[in-house]
Amino acid sequence: MRNETNPSAIGLDRVLGRRIGLLALTGAVALAALGFSSSAASAANDVDAARAIAEAAAAAEAPAPADQPAKKPAKKKTTELKPVAGLTKTQMRNAITIIKAGQEAGLSGRAQIIALMTAMQESGLRNLASPVVPKSLKYDHEGTGSDHDSVGLFQQRASGSWGTVKEIMTPRTSALSFYNGLKGVHKWEKLGMGEAAQTVQVSAFPDAYDKHEGAAREVVAAYYGK
């Protein structure tokens with residue numbers, strides 16, 4: 001039986017040989033351009049390696065598809081805590097300010113609960129101005145009160161030693177003034193929470209603070225994620 005060679009097959013082999021050689025050369029050039037070592041370039045003489053190298057080089061230089069959708073920016077997580085204990089957003093915001101002021105003052109969660117109980121009783125956690133103190137009306141406020149010259153979240157008297165009207169009408173500094181007063185109470189940590197609040201405030205209704213303990217605890221627990 002004669003061993004016949006198909007001329008078309010010979011021509012195809014030559015074409016494939018030229019293309020494979022071209023791929024090898026392309027791969028070697030790509031490797032050199034990308035900073036690969038000469039040993040890696042010589043390995044491109046292997047047909048399979050040359051093909052893989054050429055494909056990798058082409059993929060590296062290929063532009064991103066025009067129809068590829070752009071990545072959407074990640075949504076920012078909101079840091080606003082949802083109101084709890086029946087509070088409004090405004091009341092919750094003021095409550096968080098009081099808690100943060102307690103942290104700033106270096107006081108415990110117990111002190112923060114006492115402060116919240118106090119503000120809940122004194123102002124309903126609203127920053128109140130007063131017509132008796134006209135200057136207080138110039139600052140941001142959430143209603144007005146009518147208890148002498150008492151203003152702010154803790155209804156601190158403008159004629160007292162709590163600070164300037166501006167300081168009392170600023171929730172953070174008002175809360176810090178309360179915490180400073182609490183620090184001055186001898187062994188306040190050993191007192192009942194309502195008693196500690198009353199010692200600072202010297203209210204005409206000394207037993208009025210205790211009823212807010214549950215709500216104050218709930219707010220603090222929500223803030224700390226407990």
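## Chatting about helices and cores

Student: How does the span of helix H7 (residues 171-183) compare with what its 13 residues should give?

Tutor: At 1.5 Å a residue, H7 should span 18 Å, and its end C-alpha atoms are 18 Å apart, which agrees. The expected span is 1.5 Å times one less than the number of residues. Helices here are DSSP runs of H or I with at least four residues, strands are runs of E with at least two, and both are numbered from the N terminus.

Student: Where does this model come from, and how are residues numbered?

Tutor: This is a predicted model, where local features need pLDDT of at least 70 and side-chain atom pairs count only at pLDDT 80 or more, while totals for chains, interfaces and linings use all residues. Residues are numbered from 1 along each chain as its sequence is written, and side-chain values use heavy atoms, leaving out hydrogens and water.

Student: Back to H7, which residues are buried there?

Tutor: Among them are Phe178, Tyr179 and Leu182. Buried means under 20% relative accessible area, exposed over 50%, and partly exposed in between, using a 1.4 Å probe and protein chains only.

Student: And what covers them?

Tutor: The cover includes helix H4 (89-104), H5, strand S2 (156-157), helix H6 (165-168) and H8.

Student: Which residues touch the most other members in the largest nonpolar core?

Tutor: Of its 36 residues, those are Ile98, Leu116, Leu125, Phe154, Tyr179 and Val219. H5 gives the most to this core, with 8 residues. A nonpolar core is a set of buried Ala, Val, Leu, Ile, Met, Phe, Trp, Tyr and Cys residues joined through side-chain atoms within 4.5 Å.

Student: What is Val219 in contact with, leaving aside neighbours within four places in sequence?

Tutor: Its partners include Val84, Met92, Leu116 and Met120. Contact means heavy atoms within 4.5 Å.

Student: New topic: where is His212?

Tutor: His212 is in the loop between H8 and helix H9 (213-223). Leaving aside its neighbours within four places in sequence, His212 is in contact with Met117, Met120 and Gln121.

Student: Is His212 buried or exposed?

Tutor: His212 counts as buried because its relative accessible area is 16%.

Student: What about Gln155, where does that lie?

Tutor: Gln155 is in the loop between strand S1 (150-151) and S2. Its relative accessibility is 9%, so Gln155 counts as buried. The C-alpha atoms of Gln155 and Ala119 are separated by 8.0 Å, though the two are 36 residues apart along the chain.
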